Amino acid sequence: MKRITTQEINRLAIPAIISGVIEPVISLTDTVMAGNIADNTKEILGAVGVVISFLSALLWIFLQSSRALTSQVAYAYGQGRITQVKGLVAQLLLLSLIVSLSASVISYMGSEFILNYFYDIEGNLLDFSLDYFRIRVWGFPFTLLTLTIYSVFRGFQNTSWAMYISLTGGIINVVFNYIFVYIFHWGIKGLAWASLLSQGVMFVLSVVVMYSRTPFKFLIVRGLHPKFVESLRMGADLLIRSSLLQAVLYFSFAKAAILGTEGDNTVVATHTLLNQVWSFSTFLFDGYCNAGGLLSGRLYGTGQYQAIRNLVKQLFYIVLAIGVGILIVYFILYYWIGTILTQDIDILRLFYDNFWIVVLMQPTTAIAFLFDGIYKGMGLTKVLRNTFIIATLLGFLPAYYITQNLLGWGLSGIWIAFYVWIFFRGGILFLHYLSYFFGGAMRPSW
């Protein structure tokens with residue numbers, strides 16, 4: 001039984017880190033630009049955070065069928081029958097196209113209702129949010145289809161293509177953010193147009209690579225593929241998981257929006273910065289988690305369970321080291337990071353009061369994401385679904401109630417509840433892994 005080498009892990013992980021970090025970099029670039037616009041800084045920063053929160057929720061909810069697709073393609077790759085899933089890929093690409101266009105049209109038409117009713121924002125904050133939302137929402141089909149194609153690339157055991165495409169998109173976003181905001185003076189609309197442009201370019205490039213480097217195409221295939229229903233079932237499990245994830249994120253933004261005093265958007269603006277930093281840092285180790293998912297899916301499809309044990313052991317120490325490394329860097333650069341993100345004194349003060357929670361979360365988040373990736377790769381989606389249900393109902397909600405209703409900790413309480421939620425997610429999956437792979441006479445050697 002061939003052992004997965006560190007070189008093979010790095011071959012998949014490093015490009016995945018680079019490509020994976022681009023999407024949050026695009027959002028983080030918008031956030032940094034917004035935080036440094038002199039006029040209406042709090043309103044613009046809050047608007048960017050709220051809209052990105054909604055669009056991210058929309059994206060990760062509807063992306064779940066393509067996450068299941070990665071497992072199917074990886075299984076087929078490991079068993080040497082990749083051409084047998086051509087129809088499945090085509091049907092799921094068509095599904096993503098229909099769903100994403102429908103979601104964009106509906107969201108655009110109901111934009112004011114969504115922002116006012118779900119996020120309880122009004123006044124200048126609502127006006128800026130609508131300006132940003134009504135442009136960014138048209139990038140949703142580009143992003144969903146691009147990430148679906150990335151899922152195909154990953155199942156095909158290649159993460160380099162996505163890396164080069166994402167790097168191109170990230171550079172375009174940064175350049176045109178500067179042009180549209182500081183040269184054309186388009187303000188928050190300039191941020192939105194730069195993001196939309198980069199998303200469109202990445203979609204076109206991903207289609208070109210898929211057609212030229214893989215056997216997969218956008219095709220109309222008669223009759224459902226035999227694996228289509230199974231992929232939808234797996235996608236449904238991941239949809240529940242992702243819906244709970246986005247519900248927690250939405251809940252935190254909604255509560256942050258109403259924590260401030262009348263007309264003061266300092267809390268939601270600070271929460272936006274904290275969330276962006278946390279999201280950015282997760283992608284620094286998520287490449288190894290994705291690599292673990294790709295390799296475990298290939299090994300699980302051929303019954304190589306000992307190789308999976310060895311793989312998880314290697315990756316455990318790698319992502320833990322990365323998580324601890326990020327923690328140390330964040331502590332060293334604690335105050336410098338804040339000044340890079342914004343110059344607003346009120347936001348900075350609240351940011352420094354709460355950033356330590358995000359810093360301490362890094363190792364725990366790394367372990368949680370590792371096992372999340374491994375279980376996705378193996379297609380054990382029911383376990384992921386149940387883990388999120390338990391973590392939300394028994395972890396996040398009780399912690400939030402205690403920190404807010406009993407202790408009154410405000411923004412700190414939201415992030416401590418978030419920390420408890422991450423701990424439950426990682427802890428449950430870790431215990432399940434030990435039971436699943438080391439049950440009976442076998443015991444873990446670490």
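These are my notes from looking through one predicted model.

**Entry 1: the whole chain**

I started with the overall make-up. The secondary structure comes to 16 helices and 0 strands. Next I checked the dimensions: the C-alpha atoms fill a box of roughly 60 × 50 × 35 Å along the principal axes. For 446 residues, a compact globule would have a radius of gyration near 22 Å, and the chain's 21 Å agrees with that. I also looked up burial, and 59% of the 446 residues count as buried. Then I turned to contacts with a sequence separation of 6 or more: 82% of them are between residues 24 or more positions apart.

**Entry 2: α6 against α9**

How do the axes of α6 and α9 cross? Helix α6 covers residues 123-136 and helix α9 covers residues 188-213; their axes come within 8 Å and cross at roughly 15°. Angles under 35 degrees count as roughly parallel, so α6 is roughly parallel to α9. I noted the handedness too: α6 passes α9 in a right-handed crossing.

Then I listed who makes the contact. From α6 I have Phe128, Asp131, Tyr132, Ile135 and Arg136. From α9 I have Ile188, Lys189, Leu191, Ala192, Trp193, Ser195, Leu196 and Gln199. Sorted by class, the contact has 8 nonpolar, 2 polar and 3 charged residues.

**Entry 3: Asp372**

I found Asp372 in helix α14, which runs over residues 345-378. Is Asp372 buried or exposed? Its relative accessibility is 6%, and buried means under 20%, so Asp372 counts as buried.

**Entry 4: Ile340**

Last stop was Ile340, which sits in helix α13 (residues 334-341). I looked up its accessibility as well: at 40%, Ile340 counts as partly exposed, because the band for that label lies between 20% and 50%.

Methods
Residues numbered from 1 in each chain as written. Predicted model: local features only at pLDDT ≥ 70, side-chain atom pairs only at ≥ 80, totals over all residues. Heavy atoms only, no water. Axes fitted to C-alpha atoms, helices over the stretch in contact; angles between N-to-C directions. Helix = DSSP H or I, 4+ residues; strand = E, 2+ residues; numbered from the N terminus. Parallel < 35°, antiparallel > 145°, perpendicular 65-115°, else oblique. Left-handed = near helix turned anticlockwise from the far one by under 90°. Contact = heavy atoms within 4.5 Å. Nonpolar A, V, L, I, M, F, W, Y, C, P; charged D, E, K, R; others polar. Rg over C-alpha atoms; globule rule 2.2 N^0.38 Å. Buried < 20%, exposed > 50% of the residue type's maximum accessible area, 1.4 Å probe, protein only.
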